[in-house]
Amino acid sequence: MILHLAADEKFIDDAIAQFDAVNEDINEYWVISKKKTPEFVKSKRIKVFSFQKFLMLCILGKLNKFDAIIFHSLTQPAKIACLFSSARVKRAWIGFGFDYYNIIENDELYILKPDTKKIAIDIYGNSKPDSFLSAFIKRMISVFFNPKSINYFSPVLFSEFSLVSDKFNCEMNYIDWNYCGFVNTLHLLGDLKVNYDSKKVLLGNSCTPTNNHIDAFKDVINFGSGYKIVVPLSYGDTNCYKNIIVRLFNESFESEDLQLLTDFVSFDEYVSLLQDCPYVVMNHLRQQGLGNIIISLFVGAYVFLDKANPLYAFLSESGFDIYSIDDIKTVHSLPKPDVTKNRSIILSIWGAEAQFSKTERFINIMTSNDSDVVIN
């Protein structure tokens, strides 16, 4: 049996669907949440535990009934599971990005641009400190957690694998797998194309400082008058950051030029929104919002990324028609992206057949007696 350990994150339902499509009987899913009914995970396959209940299960040795554990992001419960599970239990970590970028660089603010960094320092520098017990538990976990206890690692991009394993100074094996919530919807998109007549610009993918929203103001202004800036803010960080961003956007743009998405919408509604945004600006310095980017490329949108973002190099080297933030200065003279080519590349990397094969291989590795994994 394989235990999947996760927090209440929107990607988990997708992961459950993919792993169960290969072998439903072999997987068990635990979600560690403060709420009895998780907000984002809707699958009926999950078991929900509070942190305290989970800790008790670990102490009682309940993790050792599993052959393997897959950590969906390297959370505090994941590190605890490493401490309390037997060495015979295989452990794999599927990275989200936020859970390893502070490992790659000691300075957690390095992925923020200047204007956003000022706000982040103000918000998080004055945030409420952890309780004594919470701080004590985190300290004990950091002291006793050994990254060498993790056997396998699946980052979003292969280029990130060596960066993390080198920092951890351990020899984790690479498994090619990550969350592709759009995989099961690509065929539903059919020949759906973006509305090039629309004057909407999607800015960012979530309510987190890593979107560098404020620093993007000067870039989106280059689209000119009559363009509406669409900003997803329903998922991500604290209300404090959201409140500041909403205020600054309202101060900087006319109401008719702005659409702030503060309420969570269904996936179908979000795809319709993306179809109406022929321009997509992702101002991150780290990989983020891959699902948004892939669907936007699939329907034919112009997607702009910072060249410092490793996603830019990955997508460019993979053959996609992709644009840099600097290209926004000449946006109205840019050639349209080759939709047919982009779709073909997407299906070859993230199509349903490709993803099923990756998931099947993942399960085989976790249940096999062979510990050697060939990086490909």
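Colleague: How many aromatic pairs does a search of the whole structure find?

Modeller: It finds 31 aromatic pairs, where a pair means rings of Phe, Tyr or Trp (its six-membered ring) with centres within 6.5 Å. Keep in mind that this is a predicted model, with local features needing pLDDT of at least 70, side-chain atom pairs counting only at pLDDT 80 or more, and totals for chains, interfaces and linings using all residues. Residues are numbered from 1 along each chain as its sequence is written, and side-chain values use heavy atoms, leaving out hydrogens and water.

Colleague: What makes Phe 96 and Tyr 179 an edge-to-face pair?

Modeller: Their centres are 5.0 Å apart and their planes stand at 70°. Planes under 30 degrees apart count as stacked, over 60 as edge-to-face and the rest as tilted, so this pair is edge-to-face. Phe 96 lies in the loop between strand 5 (90-94) and helix 4 (101-104), and Tyr 179 in the loop between strand 7 (173-174) and helix 8 (183-189), so the pair links parts of the chain 83 residues apart. Helices here are DSSP runs (H or I, at least four residues), strands likewise (E, at least two), numbered from the N terminus. Phe 96 and Tyr 179 also belong to one aromatic cluster with Phe 11, Phe 19, Phe 98, Trp 177 and Phe 362.

Colleague: And Phe 314 with Trp 350, what kind of aromatic pair do they form?

Modeller: Edge-to-face again, at 6.1 Å centre to centre and 65° between the planes. Phe 314 sits in helix 13 (residues 310-317) and Trp 350 in helix 14 (residues 339-350), 36 residues apart.

Colleague: Why is Trp 350 called buried?

Modeller: Buried means under 20% relative accessible area, exposed over 50%, and partly exposed in between (1.4 Å probe, protein chains only). Trp 350 has 6%, so it is buried. Phe 314 has 26%, so it counts as partly exposed.

Colleague: Why does Ile 59 count as exposed?

Modeller: Its relative accessibility is 51%, so it counts as exposed. Ile 59, found in helix 2, is part of a surface nonpolar patch with Met 56, Leu 60, Leu 83 and Phe 84.

Colleague: How do you know that the charged end of Lys 336 sits over the ring of Tyr 196?

Modeller: The rule asks for NZ of Lys or CZ of Arg within 6 Å of the ring centre and within 35 degrees of the ring normal. The charged end of Lys 336 is 4.2 Å from the centre of the Tyr 196 ring. Arg 343 sits over the ring of Phe 298 too, at 4.3 Å from its centre.

How values were computed:
Patch = residues over 30% accessible without salt bridge, like charges linked within 9 Å, V, L, I, M, F, W, Y side chains within 5 Å. Areas by Shrake-Rupley, 256 points an atom, 1.4 Å probe, with all protein chains shown as cover. Salt bridge = Lys/Arg side-chain N within 4 Å of Asp/Glu carboxyl O.
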